[in-house]
Structure formats: structure tokens, C-alpha cells
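This report describes pockets, salt bridges, backbone angles and surface features in turn. Please read it beside the sequence and the model.

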Amino acid sequence: MRKETTLGFRIINRIFMVCFGLAMIFLLWAVITRSNQGLAVFTIIAVGLIAWFVQPRRTGAYILLLIAISFGIKYYAITHLFPTPIQDFKTVLDAAQGLVRGDTSFNQLKYFYDWAYQTPFVLYDTLLLKINQNIQTIKLVNALAAVGINVLIYATLRGHLEERYAKAVTTFFAFMPFTAITGTWLSNQPMATFLTYLGLYFFVKNGKIISNGVVRTVVAGVLVACGNLMRPEGIVIIVAVTVFIVIKWSKKANKQATGWAIKKFVCFMVPYILIGVVASQLIMATGINPNGIANNNPWWKFTLGFNHESKGMWNKEDYDWLQSQEAMAGNQSVKDIQMPVIKQRIFDHPTFLPKLFADKVRVFWAFPRIYPAFEYLKEVDQTKAYEKEKLQEVRAERQYYVDYFDMTDVWLFLILVALSAIGCFQIIRSSNRENRKFEGNVVFAYIIFATFVIYLLIEVQPRYVYFVQPAVAIVAAYGLKFIDELRRNQRG
């Protein structure tokens, strides 16, 4: 017979258990945060657990939770990080601030002759600055676009895949630091990526919003074109969509399939091309940039991309070389200047190309991406009269958190990449069996492959991976499904 305990004993025992539990939590926290590696591992495990177990059943409740998490993280980033705009983003911001005052002299800069396609980005920034001259407006819109991308991942998967996997991957993606931080340095990536994936949503979805397949494809072409105006990465989508249409046509290759393929391709490409042509003509007609949205130096990306020493990244040596060559070139075109160098880098030592490609893959997919958001802190150090010891302490603390965020971001993304590697095989194999749940979303596997191949040839930067990350997340959901089903089968 169980002996009854006194009320006093039960109260004291519970107080002790609570205190002991808190002590263990603080002890564990102290051990984990002793190094940024431990904190990163703890964060990754926590994100994984939240993504898998915190899943409201009702779609509306989940979307509200997703928006709250995603926007909360991104809003915190834009209100606590104030990096100086870098490289192209600084040039575009200066041009936009001038255009707000009616000054179009930016179009005299060589930058906007060589890469006139950046002009729509200038107009976008100008529009936002006219609404509110504070650059925080641009950051806020970037944050909203990034939240939109997160919602689109879920919307694209929903109906094609079980809710458990769609929600898990979407929530996991919401916690990735890079997706929150990118908007803080006034990048055009969030809005361009949002428009592109919104277009892809209509392309792959047998949707309720627009029931007519032709209209959906036209809308998709328009939205992808708008994304391409913001940031010229549309070639990746064109390759992926073309592969998707050709492979689907080849399954039957009869008259009906041929008619479908032609209609699908035309309905996508005609509005895509028209949007670009009309935008270019309008920009020229209004005098904003006489070069429209042309790319007058497409070879530059290849010059950089085949530089073995810089691992295919932008580098000052190539930039200074091109400037000096153009100054002495006379009537020689930039193509004539750069083509011999490109050929030399490809053909003089072809055995070096595998190492270059391996380096570029590491740079694009696995290099630190978040440092531009923290570079400004070094400048802050110079303006404050810290004592030497205090300055070293402050810098060490900052570096601790920079390394922590970087490590967390890289490993969260690599987990998605690993899942997407499995997912690619699953989604392609299932689509080949005419599984309609997989059929549309296979285009995202083609986007990953197209991105991989294209960036072997042209310049790479760690931040360029932003564009393909949603596709990786979408395909990763299929990898997660495969692993979970494998685990269940082994149990059963």
C-alpha cells in the first residue's frame, strides 16, 4: 500500500524539482553557448524540432503563424542591422536618390551603359524613395517580399504534397538567417525572387485562383519577366521551363503533345519577351536611359567566371585590367578585349577547369553569405572612443555572433540541399510515372540543375544563391517525405 506524503513534503519536492530543472537548463545553456559552434548546433536542432512539431492543422492558422515567424525575424534584422550598401547596390541607390530629385545624369555613368539592365532596379528604388525618403522603406518592402517567398513555398507545395512535409520545410526555411539579412543591404534579390516564384506558382499550379491553363501560363510569363527586370536571372527559369516542356512532350511525342508543348512555350515566352521589349522602349523614350535595359558587356561575367585565382568571383585585378584596356582600346570593343582572355583561361590549362568548377561550387553553395550585413560595424568602431581593451572585447563579442549566424545559416541550407538531392531523384522519378502530384513541381528540380550548370560558367558570389534557395526548399520537401516514409517502413 502506497504511503501518503504530507502536503508540506509535496510542496517542497515540487519547488526542488522546478529549481533543479531550471538549474539544468541554465547549465546546458552555459555549455552550449561556450562556443558559437555549440549555439549553432542547438539552434539547428531547435529549428528542426519547431518545423516538425509546431504545425497548426488549420491552413489559415498555419499561414498566420508562418507570417508571424518569418516577418518577425526579418523585421528584427532590418531594425537592428544598418549595413552600408555595397557594390552595385550603392551605385543603384545613388542613382535612385538623384532620380527622386529629377536628376537623370546617372545614365552618363559607364556602369549604366555596360549594364543598362539595372535601370528598372533604379526605378524601383526611386518609387519607394518617393513614397518615403528613408531607405528603411526599401528594407521593409524587401522584408515583406521575403515573407511572400516563404508563403509561396508553402502554397506551391500544398496540394502536391502532404501538409506535414510542406509545413515542415516552409517553417524551416523561415528561420534561415540569410533570407532575413539580405534585404538589409538594399538588395534587389527579395523582390525579384518573389515575383519569379509567384510566376512559377501559376505555372505549376492547377489552381483555383485562375482556372484557365493558358491564362495561368501567360500570367506566369509576365511575372517571371517582371522578376527578370528587377534582377536578370530569368535565363535560369527559361532553361528550366524549356526542359520541363520538352521532357513532358517527349513522353508521348504525338500530335496532341506537340500542340500542348507549343502552346505552353508560346504562352510563356511571348509575354516574357514583350515585357522586356516594352520596358526597354519606355525607358529609352522617357530619357531615363538611352540604352534601355541592354546588357552591353555580357562577356564580363565569363571573364570573371573563368578566373582560376579568384575562384570565379569578382576581383579588383580583373576590374582594373578591363578599365585600363578600355582606356587604351580606341575602337576595339569590349568583346574583342575580353574574348582572348576568356579563351586563354579555358583552353590554355583545361586540366585546371575541374578544380575551378569545384571551387565555384563551394563558393556558390557553401561559402559564408551574411558578412556584408555586418561590415559596417568595423566603421562604427573607428568612430567611438573605446579603450583598447574594451574595443577588443566588443569586437570579439560581435565576431562571436557573426560567426554564429554564419554557421547556422550555412548548415541550415546544407540540410535543405541534402534533402533536395534526395528529393530531385524522387520528384523526377515520380513525374516520369505520370504522377500528377509531382508533375508540375519537377520544374524546381530543373531550376536547381540549371542554376548549378550556368554558374559553373559565369561569375559567382555567395549571395547569388538567394535566387535558387526557394527551389531547393520546395524539392527538399520531397526528400523529407522519402526519408520519413523509409523510417516508417522500417518500423512497420
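## Pocket and cavities

The lining of the largest pocket is made up of 26 nonpolar, eight polar and eight charged residues, where Ala, Val, Leu, Ile, Met, Phe, Trp, Tyr, Cys and Pro count as nonpolar, Asp, Glu, Lys and Arg as charged, and the others, Gly among them, as polar. The model is predicted, so that local features need pLDDT of at least 70 and side-chain atom pairs count only at pLDDT 80 or more, while totals for chains, interfaces and linings use all residues. Residues are numbered from 1 along each chain as its sequence is written, and side-chain values use heavy atoms, with hydrogens and water left out.

The volume of the largest pocket is about 1,300 Å³, and of its 42 lining residues W115, Y117, P232, N295 and K301 lie nearest its centre. On a 1 Å grid over the protein atoms alone, a pocket is an open set of points with protein on both sides within 12 Å along at least five of seven lines, a cavity is a set of points where a 1.4 Å probe fits but cannot get out, and lining residues have an atom within 4 Å of a point. Grid points are joined across faces, edges and corners, and a volume is the space filled by probe spheres set on the points.

There are four cavities of 30 Å³ or more in the structure. The second largest cavity, with a volume of about 40 Å³, is lined by K74, A146, I149, F173, T179, Y466, Q469 and P470. Two or more of these lining residues come from each of α7 (136–157) and α22 (469–491), helices being DSSP runs (H or I, at least four residues) numbered from the N terminus. By class, this lining has five nonpolar, two polar and one charged residues.

## Salt bridges within helices

With a salt bridge taken as a side-chain nitrogen of Lys or Arg within 4 Å of a carboxyl oxygen of Asp or Glu, the count comes to 16. Three of them are listed here.

| Pair | Closest N and O atoms |
|---|---|
| K167 and E163 | 3.5 Å |
| D359 and K355 | 3.0 Å |

K167 and E163 are separated by about one helical turn because they are four residues apart in helix α8 (residues 163–174). D359 and K355 are four residues apart in helix α17 (residues 353–366); D359 is buried at 6% relative accessible area, whereas K355 is exposed at 57%. Here buried means under 20% relative accessible area, exposed over 50%, and partly exposed in between (1.4 Å probe, protein chains only). K481 and E485 likewise lie four residues apart, in helix α22, with K481 buried at 12% and E485 partly exposed at 33%.

## Backbone angles in two loops

Most residues other than glycine have a negative phi. L186, however, has a positive phi of about 65 degrees; this residue lies in the loop between α9 (177–181) and α10 (189–204) and is buried at 2% relative accessibility. K311 also has a positive phi, near 60 degrees, and is found in the loop between α14 (299–305) and α15 (316–328), where K311 is partly exposed at 31% relative accessibility.

## A buried helix residue

N142 belongs to helix α7 and is buried at 1% relative accessibility. N142 and I78 are 64 residues apart in sequence, and their C-alpha atoms are 9.3 Å apart in space.
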